[in-house]
Amino acid sequence: MTTQQFFSTQKSIQVATDKREAAMQNPGFGSVFSANMASARYTAADGWHDGQIAPYAPLAIAPSALVFHYAQEIFEGLKVYSQEDGSISLFRPDANARRFVKSAERLAMAPLPVELFLESVEKLALTDRDWIPKQRGSSLYLRPVMFASQAALGVKPANEYSYYVLACPVGDYFKDGNSGISLWVSENYSRAGIGGTGEAKCGGNYAASLAAQAEAQRQGCDQVVFLDSREKTWVEELGGMNIFFVFKDGSIQTPPLGGTILPGVTRDSLLKLAARLGIEAREEPYSIEQWEADARSGKLVEAFACGTAAVITPIRQVKRATSEFAIGDAKAGAITLQLKNALLDIQQGRAEDPFGWVKRLA
Ligand SMILES: *Cc1c(COP(=O)(O)O)cnc(C)c1O
């Protein structure tokens, strides 16, 4: 058996056009799901097996499944784009596949081979290609997820796992994406610590971030931004997005990956794209004190958050326990918009793809 036939499409379905179009009218983010999902199972005895594309439906899982008790769960997020020429494409799916392997290793789970990850997302995208919205900025968001399904209460890595890929047609993540978000600087909570799971894409990191996010909302802010857990000094990232700073001299900067920051595909793409656009880009630590001082002096003129879901979102305001400061003139800045448009143009096939990032599907 070649791995290209691992996921059978025999049970997949198509839904009536009017039903699909009604569901896609106003999809928001993550509440509308396509007709099908991909799935596969792993057991220590049989390895990965039972790959299929089948109708999206609830699961039957034992209440004793290890995921519910010890949180062995990882996920990914990537988008299918409809291209100008009518074809469909994925953006750097190999990077997500490799990160999924690394996340699995960190959580002592059975890694899903890169080829199987790629086949699952490609086949689901092709099966449900009618669910890909065509408007600029819209796409079909794919959510691969894997968890420990073994029914047992012992504290040990599971020997059975389930893998699924869900697909959601999505519009903008933030309703008014270019007007900017406000951030609350968390001092009570950390997202990740040295030697922890910060660089793995696991639900546990999100669970750890939610109380801080709720605190941000109580403070009237859109999102929380985390500092390093040891010194409470260095800006790390948001709950689910990386962060960039833009300076008056035209350079950009993002915190270096050091085990506590999630290595975003968007972050990496922007670093490479910046170099090509002639924008100086640094990976260097930046303290919250310096950020506030530079925003006040005008040395820092823009800041933005980035990730697959939200693409690039300008930051307009930062609130701390003791102070508050604005970024630039509170509108999306020139470099933020230049990078956002350059990235979207490559992703949606409107510009050449010098890095070979776009994977067109047959
Ligand atoms: C997924 C994620 C990001 C963004 O990664 P992308 O690959 O760019 O989507 C950033 N931070 C966290 C915590 C994440 O989970």
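Because the model is predicted, local features are reported at pLDDT of at least 70 and side-chain atom pairs only at pLDDT 80 or more, whereas totals for chains, interfaces and linings use all residues. Residues are numbered from 1 along each chain as its sequence is written, and side-chain values use heavy atoms, with hydrogens and water left out.

The ligand is surrounded by 15 residues, of which K201, Y206, E237, T266 and T308 are the closest; a residue is counted as near if one of its heavy atoms lies within 4 Å of the molecule. By class, this shell holds four nonpolar, seven polar and four charged residues. In that classification Ala, Val, Leu, Ile, Met, Phe, Trp, Tyr, Cys and Pro are nonpolar, Asp, Glu, Lys and Arg are charged, and the others, Gly among them, are polar. Polar contacts were taken as pairs of N or O atoms within 3.5 Å; within protein, one atom must be able to donate a hydrogen and the other to accept it, and residues adjacent in sequence count only if both atoms are side-chain atoms. An N or O atom in the side chain of E237 lies 2.6 Å from a nitrogen atom of the ligand. The side chain of T266 places an N or O atom 2.6 Å from an oxygen atom of the ligand, and a polar side-chain atom of T308 is likewise 2.6 Å from a ligand oxygen atom. Taken alone, the ligand exposes 380 Å², and 97% of that area is buried by the protein. Accessible areas come from the Shrake-Rupley method with a 1.4 Å probe; for residues, only the protein chains shown count as cover.

Secondary structure was assigned from DSSP runs, with helices (H or I) of at least four residues and strands (E) of at least two, numbered from the N terminus. Strand 4 comprises residues 78-82, and five of its five residues are buried, so the strand is largely enclosed by the rest of the structure. Buried denotes under 20% relative accessible area, exposed over 50%, and partly exposed the range in between (1.4 Å probe, protein chains only). In a regular strand the side chains alternate between the two faces of the sheet. Both faces of strand 4 are covered, with L78, V80 and S82 buried on one side and K79 and Y81 buried on the other.

Strand pairing requires at least two DSSP bridges between the strands. Strand 4 runs antiparallel to strand 6 (residues 139-148), to which three bridges join it; K79 has Y141 as its bridge partner in strand 6. Three bridges also join strand 4 to strand 5 (residues 88-91), again in antiparallel orientation, and here Y81 stands opposite S89. The hairpin of strand 4 and strand 5 has five residues between the strands, and G86 in this hairpin takes a positive phi near 90 degrees.

A search of the whole structure found 18 salt bridges, each defined by a side-chain nitrogen of Lys or Arg within 4 Å of a carboxyl oxygen of Asp or Glu. One of these joins R20 and D130, with 3.6 Å between the closest N and O atoms. This pair links distant parts of the chain, 110 residues apart: R20 belongs to helix 1 (residues 17-24), and D130 to the loop between helix 4 (114-127) and strand 6. R20 is buried at 10% relative accessibility, whereas D130 is partly exposed at 41%. In the salt bridge between R282 and E280 the closest N and O atoms are 3.1 Å apart; R282 is buried at 19% relative accessibility, and E280 is partly exposed at 47%.

A further salt bridge connects the side chains of E289 and R320 (2.8 Å, N to O). It links distant parts of the chain, 31 residues apart, with E289 in helix 7 (residues 288-297) and R320 in the loop between strand 15 (311-319) and strand 16 (324-326). Through shared partners, salt bridges join E289, E292, R296 and R320 into one network. R320 is buried, with a relative accessible area of 9%, and its side chain also makes a polar contact of 2.7 Å with the side chain of E292.

V318 is located in strand 15 and is buried at 0% relative accessibility. V318 and D222 are 96 residues apart in sequence, and their C-alpha atoms are 10 Å apart in space.
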